[in-house]
Amino acid sequence: MSTQIQIIPSTAPVGAEVRGVDASANVDDATFDAIKDALHKYKAIVLRKQKLTPDQQLAFCGRFGTLDPHVLPQYLVPGYTQLVRISNVLDDAGQPIGMIDAGRVWHSDGQFQAKPNMYSMLYALEVPHDAAGQPLGATQFVSTAYAYAQLPQATRQRIEGLKAVNSLAAVYATLKRNNVASLRAPLTEEQKREVVHPLVRTHPVTGEKCLYVSRAATMRILGLAQDESDALIGELADWCLREGSIFTHQWQVGDLLMWDNCASQHFAIGDYALPQRRLMNRTTVGGTVPF
Ligand code: OGA
Ligand code: MN
């Protein structure tokens, strides 16, 4: 028999809390399937009050698929190849112990890769607070499946079959313009490589069509003049973020937040600084070539 889980949707078109799961335990298959279904339905889900060692986080997240090794080895949790720190905490030498500025533009993980990450998971070890005890450093989500489903018919026709060029170099350029990512190492030629993905991609599990466009990562739409391309990228990116679309996750220590990178985009609010500490351990599950 499976554990009874409870799903509490957010008031936005994306996001839910899943209650009644201990991710450190041997979650049975029926319960696991229910969690995975909730992730596909709500695009971003949180399991609260979890107590996970690195190995337990890896074991639970590994049930969703093959865990990716991370591209920035300097931020790995020591002794691990698939567990990355997202943190503003500094080591004794004054260097950040993790990625200090992850997600400061709206994006989905790995859009600049030939095979973007399928899911990402963040486990909160330390959460910054203001003087009144309110949590800082929230993470926001939108559903790109909802964004596509709500598009006017004429726009859907206009973008049918279009493809776009994406790159990490474009993301870095945006971060630089916004005065973040100053601490990151320069990109290698390999990391600068451009990839072409459909502007509307099909979810490999649910079959939903999802807008796959980001102001940061998407450089141009093939077959359009650059100004026309810029305008369409801007229009579609804004559409994803329009009024009533955003779910804001306010962190608590022990949260295990997971999201679907095909059907959602996310954004990290950088409204905290040391001595307010933020420390999260991140895993990602590999994906397939978008279609
Ligand atoms: C990420 C990311 C957001 C956050 O880890 O991919 O975008 O709030 N993080 O830390
Ligand atoms: Mn991200």
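Trainee: Which residue has a polar side-chain atom 2.7 Å from an oxygen atom of ligand 1?
Mentor: The model is predicted, and the distance is computed from it. The shell around ligand 1 includes Arg278 and Arg282. The polar side-chain atom at 2.7 Å from a ligand oxygen belongs to arginine 278.

Trainee: How much of the accessible area of ligand 1 does the protein cover?
Mentor: On its own, ligand 1 has 290 Å² of accessible area. The space that ligand 1 takes is the largest pocket.

Trainee: How far is the polar side-chain atom of threonine 139 from an oxygen atom of ligand 1?
Mentor: Thr139 is one of the residues around ligand 1. A polar contact needs N or O atoms within 3.5 Å. The distance from the threonine 139 side chain to the ligand oxygen is 2.6 Å.

Trainee: How many nonpolar, polar and charged residues are in the shell around ligand 1?
Mentor: The shell includes Ile86, Leu122 and Ala268, as well as Gly103, His107 and Asp109. By class, the shell has four nonpolar, four polar and three charged residues.

Trainee: Is aspartate 109 buried or exposed?
Mentor: Aspartate 109 is in the loop between strand E4 (84-87) and strand E5 (119-126). Its relative accessibility is 6%, and because the cut-off for burial is under 20%, the residue falls below it. Aspartate 109 is therefore buried.

Trainee: Which side chains make polar contacts of 3.2 Å with the side chain of aspartate 109?
Mentor: Aspartate 109 also has a side-chain N or O atom 3.1 Å from an oxygen atom of ligand 1. Within the protein, one contact of its side chain, at 3.2 Å, is with tryptophan 259. Another, also given as 3.2 Å, is with histidine 266. The two partners are tryptophan 259 and histidine 266.

Trainee: Which peptide bond is cis, with omega near 10 degrees?
Mentor: Most peptide bonds are trans. Proline 275 is in the loop between strand E14 (264-268) and strand E15 (279-285). The cis bond runs from leucine 274 to proline 275.

Trainee: What is the phi of lysine 43?
Mentor: Most residues other than glycine have a negative phi. Lysine 43 is in the loop between helix H1 (29-42) and strand E3 (44-47), and has a positive value. Its phi is near 70 degrees.

Trainee: Are lysine 43 and lysine 49 buried or exposed?
Mentor: Lysine 49 has a positive phi too, near 55 degrees, and is found in the loop between E3 and helix H2 (54-61). The relative accessible area of lysine 43 is 4%, so this residue is buried. For lysine 49 the value is 68%, and because the cut-off is over 50%, lysine 49 is exposed.

Trainee: How far apart are the C-alpha atoms of alanine 12 and threonine 188?
Mentor: Alanine 12 is in the loop between strand E1 (6-9) and strand E2 (16-19), and is buried because its relative accessibility is 17%. Along the chain, alanine 12 and threonine 188 are 176 residues apart. Their C-alpha atoms are separated by 39 Å.

Methods
Residues are numbered from 1 along each chain as its sequence is written. Chains are lettered from A and ligands numbered from 1 in the order in which they are written. This is a predicted model: local features need pLDDT of at least 70, side-chain atom pairs count only at pLDDT 80 or more; totals for chains, interfaces and linings use all residues. Side-chain values use heavy atoms; hydrogens and water are left out. A residue is near a molecule or strand if one of its heavy atoms lies within 4 Å of it. A polar contact is a pair of N or O atoms within 3.5 Å; within protein, one must be able to donate a hydrogen and the other to accept it, and residues adjacent in sequence count only if both atoms are side-chain atoms. Accessible areas come from the Shrake-Rupley method with a 1.4 Å probe; for residues, only the protein chains shown count as cover. On a 1 Å grid over the protein atoms alone, a cavity is a set of points where a 1.4 Å probe fits but cannot get out, and a pocket is an open set with protein on both sides within 12 Å along at least five of seven lines; lining residues have an atom within 4 Å of a point. A molecule sits in a cavity or pocket if more than half of its atoms lie within 2 Å of its grid points. Ala, Val, Leu, Ile, Met, Phe, Trp, Tyr, Cys and Pro count as nonpolar, Asp, Glu, Lys and Arg as charged, and the others, Gly among them, as polar. Helices (H or I, at least four residues) and strands (E, at least two) are DSSP runs, numbered from the N terminus. Buried means under 20% relative accessible area, exposed over 50%, partly exposed in between (1.4 Å probe, protein chains only).
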